[in-house]
Amino acid sequence: MRSAWISAKLGIRERLSPSCGSNMLSCWLSRLCRGFSTPTGRITHPSRDSLSRTLVLSSQGRIPEFSSFVARTNTCGELRSSHLGQEVTLCGWIQYRRQNIFLVLRDFHGLVQVVIPQEESAAAVRKILCEAPVESVVQVSGTVISRPPGQENPKMPTGEIEIKVKTAELLNSCKKLPFEVKDFVKKTEALRLQYRYLDLRSFQMQYNLRLRSQMVMKMREYLCNLHGFVDIETPTLFKRTPGGAKEFVIPSREPGKFYCLPQSPQQFKQLLMVGGLDRYFQVARCYRDEGSRPDRQPEFTQIDIEMSFVDQTGIQRLIEGLLQYSWPNDKDPLVVPFPSLTFAEALASYGTDKPDTRFGMKIIDISDVFRNTEVGFLQDALSKPQGTIKAICISEGTKYLKRKDLESIRKFAADHFNQEVLPVFPKASRNWNSPVAQSILEEQGSELIRLMEIREDDVVLLTAGEHKKACSVLGKLRLECADLLEARGLVLRDPALFSFLWVVDFPLFLPKEENPGELESAHHPFTAPHPSDIQLLYTEPEKVRSLHYDLVLNGSEIGGGSIRIHDAELQRYILATLLKEDVKLLSHLLQALDFGAPPHGGIALGLDRLICLVTGAPSIRDVIAFPKSFRGHDLMSNAPDSLPPEELKPYHIQVSWPADSEAEKSSLNQPYCPES
Ligand code: ASP
C-alpha cells in the first residue's frame with residue numbers, strides 16, 4: 001500500500017484506508033489468475049500479455065477475449081505498465097471514492113484507480129464521478145498513466161498505473177444497499193442469500209464460481225476430447241425409483257399421476273449403455289428431498305459417468321486422471337493412484353467409511369492387552385462373544401487438552417453412543433487421576449505403550465464393546481479431539497493437503513435403520529455383488545460384499561459408484577426377494593437388461609462438495625450461485641411459495657392444511673418475510 005499520497009499536480013492525496021480491500025483483491029486476483037493458468041504457468045501479477053497467455057484453454061489453444069462484443073476496451077483488473085499511454089474504456093462498479101479525487105472501479109477481474117479530473121473544463125465528468133453513490137455502474141474513458149513516483153501500490157495488481165479520465169457516463173445509479181459489498185463486512189448467511197446477486201459481487205464468491213467453471217471445463221475436455229465420452233442430458237421429469245433417497249414429487253395434469261425429480265440419472269445412464277452409447281458423462285442436476293446440511297442441498301450437481309466393458313480399476317484410474325487433469329494449478333499436483341482401504345479396514349482403523357486420512361490417531365484393538373484385566377467393565381466386554389477393547393492415542397493430549405475437555409468427550413460418548421470412554425495417561429508425568437489407572441497392571445501399561453507407540457504427554461481414550469460400536473464412537477471422538485487440539489493451536493490437518501482415498505469392498509446390503517430385520521442396499525439396488533460372494537446371496541446375503549467404491553477427500557465422501565448388475569435375473573432376484581421392492585416400477589430397466597445389456601459400471605462425483613473442499617469454503621452453499629437455505633428455501637425469491645386454489649385445480653390437487661396453519665393460509669397474499 002502507498003505510504004503517502006502527495007501529488008505535486010493534484011494537491012491532496014492520502015493514504016488508502018484498509019477498507020479499500022486492495023489487499024484482499026490482490027490476493028483474490030492472483031489466486032484467480034493462478035487458477036486460470038495452464039499446467040505450465042504460475043503467476044502472481046500478470047501483465048496483460050502474460051494474463052492472456054495464462055487464460056489459454058489448453059486443448060482448444062484459444063485465448064479468451066474478455067472485452068469482445070461489449071462497450072469496454074479492457075477489464076479493470078488487467079491494466080499494467082505495459083498499457084501506459086493507451087486510451088481505454090472501462091465499465092464497472094464504484095468500489096469507493098476518496099476525497100473526490102480518486103475513484104476505484106471494480107469489475108470481475110479486479111480494481112483500478114481512476115483519477116477524477118479537477119479542471120474546470122471537466123466539471124461534468126467530475127459531477128458524475130463525485131455524485132454517483134458507491135456500487136453505481138459507470139463507464140469511463142481515458143488514458144492509462146503511471147502513478148507518480150513513490151505512489152505505486154505494490155499490493156494492488158494494477159498498482160503501478162491509474163486512469164486519467166476524459167469522459168464518464170453513469171450507466172446505473174445504486175440505491176442504499178442492505179450491506180456493503182466488501183468481503184470483510186460481516187453479514188448473516190440469511191441476508192447474503194436474500195440478496196444473493198449482491199453477495200455474488202464479493203471477491204470470494206467470484207473466485208469460487210470461476211474456479212468451479214474452470215474445473216468443469218477441464219473435466220469436459222478430459223472426458224469428451226481426450227477419452228471419447230458423450231455428454232448427454234437426461235430427463236428431470238421422471239418417476240419414483242425404489243430404494244434410496246426421498247424424491248421430490250411433481251404434479252401432472254392427469255388425476256392422481258405424479259412425476260418425481262430424479263435423485264440421480266442412475267437408470268438413464270445404465271439405459272444409455274444398453275443403447276450402445278458406450279461412454280456417457282453429464283454435469284447432472286440431482287434432487288433429494290432431505291433438507292440441507294453444511295455439505296448437502298436439496299438440489300445438487302454431480303459429474304455423472306458411466307462406461308461399458310469396464311471394471312472397478314478402470315473407473316478408479318479414469319477418475320484419478322480426471323481429477324489430476326482438472327486440478328487447479330495453484331495447488332500441489334495430485335499424486336496418483338490414490339490409496340485404497342476396504343470398508344472393513346476403514347471402519348476398524350477410523351470408525352467410519354469416510355476416513356480423514358490427513359492425520360493419524362488410528363483406532364487400535366487392545367483386547368489382547370487386557371485379557372486378564374481386573375477392571376470391571378473391560379472384563380465384562382471381553383466376556384461377550386463380540387466383545388473388544390479399542391483405543392486411540394491423542395498425541396500431546398495432556399499438553400493441549402484440559403480436564404474439562406476430557407470430561408466433555410466422555411459425556412459426548414455417553415450421550416450420543418451410550419458408550420463409556422475412559423482416558424488413561426500411560427506416560428504422563430502429571431497426575432490426572434485416571435479412574436482406571438490404579439487397576440492397570442504394570443505389564444499391561446508397558447504393553448499398551450509398546451502397541452500404541454505412546455509418548456510422554458499422550459492421552460489414550462479407551463472403550464469396550466462390540467467391534468462396530470466401539471470403532472464408531474472412537475472414530476467420532478478422533479474427529480472431536482482433532483477439532484479440540486486445533487482450536488488450541490496444534491495443526492493436525494494441513495489446509496493445503498488434499499488426502500484422497502478409495503474405500504472399496506462395501507457390503508452389498510445393510511440392515512434397515514428403522515427395521516434391522518430387513519435389508520437395504522448400501523449403495524443402490526443396481527450394484528453388482530462381489531464375484532467371490534455370489535453364492536452367499538442365496539444363503540447369507542448380509543455377508544455379501546459388493547463392487548461398490550467410494551472416493552473420499554479429507555473425510556468427506558465426494559464420489560461413489562459401482563459395477564452394475566447386467567443380468568436381468570439377478571437384478572430381479574435382488575429387487576424382489578432380498579429388497580422386497582415392487583419390480584413393476586423397474587420393468588423397463590429389467591427388460592432392457594434382457595435385450596443384450598453390456599457389462600457396465602460408473603460413478604458420480606459430488607461437484608459441489610468437491611469444489612467446496614478445493615476452495616476451502618465453509619459450506620457447499622458458498623460454491624453454488626443460488627443455493628437453498630438450510631430449510632430448503634430460496635430466500636431471495638421465497639420459493640417454495642403458495643399457489644391459489646384455482647391454479648392447483650388443473651393438477652387435481654387440494655391443500656389439506658394442517659390444523660395450526662391459519663397463519664400460513666392467510667400469508668398466501670402477504671409480503672415475503674425471509675428466514676433468519
Ligand atoms: N447414481 C449414484 C449416486 O448418485 C452414483 C453411481 O452409482 O454411479 O450415488
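Q: In which loop does Pro-337 lie?
A: This is a predicted model, where local features need pLDDT of at least 70, side-chain atom pairs count only at pLDDT 80 or more, and totals for chains, interfaces and linings use all residues. Residues are numbered from 1 along each chain as its sequence is written, and side-chain values use heavy atoms, leaving out hydrogens and water. Helices (H or I, at least four residues) and strands (E, at least two) are DSSP runs, numbered from the N terminus. Pro-337 is in the loop between H8 and strand S11 (340-342).

Q: What is the omega of the peptide bond from Val-336 to Pro-337?
A: Most peptide bonds are trans. The bond from Val-336 to Pro-337 is cis instead. Its omega is near -5°.

Q: Which loop holds Pro-640?
A: Here is another cis peptide bond, from Ala-639 to Pro-640, with omega near 0°. Pro-640 has its place in the loop between H17 and helix H18 (645-648).

Q: How many residues surround the ligand?
A: A residue is near a molecule or strand if one of its heavy atoms lies within 4 Å of it. Among the closest to the ligand are Lys-269 and His-524. With nonpolar meaning Ala, Val, Leu, Ile, Met, Phe, Trp, Tyr, Cys and Pro, charged meaning Asp, Glu, Lys and Arg, and polar the others, Gly among them, the shell divides into two nonpolar, eight polar and three charged residues. The number of residues surrounding the ligand is 13.

Q: How much of the ligand's accessible area does the protein cover?
A: A polar contact is a pair of N or O atoms within 3.5 Å; within protein, one must be able to donate a hydrogen and the other to accept it, and residues adjacent in sequence count only if both atoms are side-chain atoms. Polar side-chain atoms of Gln-266 and Arg-564 lie 2.7 Å from a ligand nitrogen and a ligand oxygen, respectively, while an N or O atom in the side chain of His-523 is 2.8 Å from an oxygen atom of the ligand. By the Shrake-Rupley method with a 1.4 Å probe (for residues, only the protein chains shown count as cover), the ligand on its own has 270 Å² of accessible area, and the protein covers 89%.

Q: Which element gives the most residues to the shell around the ligand?
A: Helix H7 (266-274), strand S20 (556-563) and strand S21 (600-606) each supply at least two residues. The element that gives the most, with three residues, is S21.

Q: Why is helix H17 largely enclosed by the rest of the structure?
A: Buried means under 20% relative accessible area, exposed over 50% and partly exposed in between (1.4 Å probe, protein chains only). Among the buried residues of helix H17 (residues 607-615) are Asp-608 and Arg-609. H17 is largely enclosed because its buried residues number eight of nine.

Q: Is Lys-580 buried or exposed?
A: Lys-580 is in the loop between helix H15 (568-578) and helix H16 (587-594). Its phi is positive, about 55°, although it is not a glycine. With a relative accessible area of 60%, Lys-580 is exposed.
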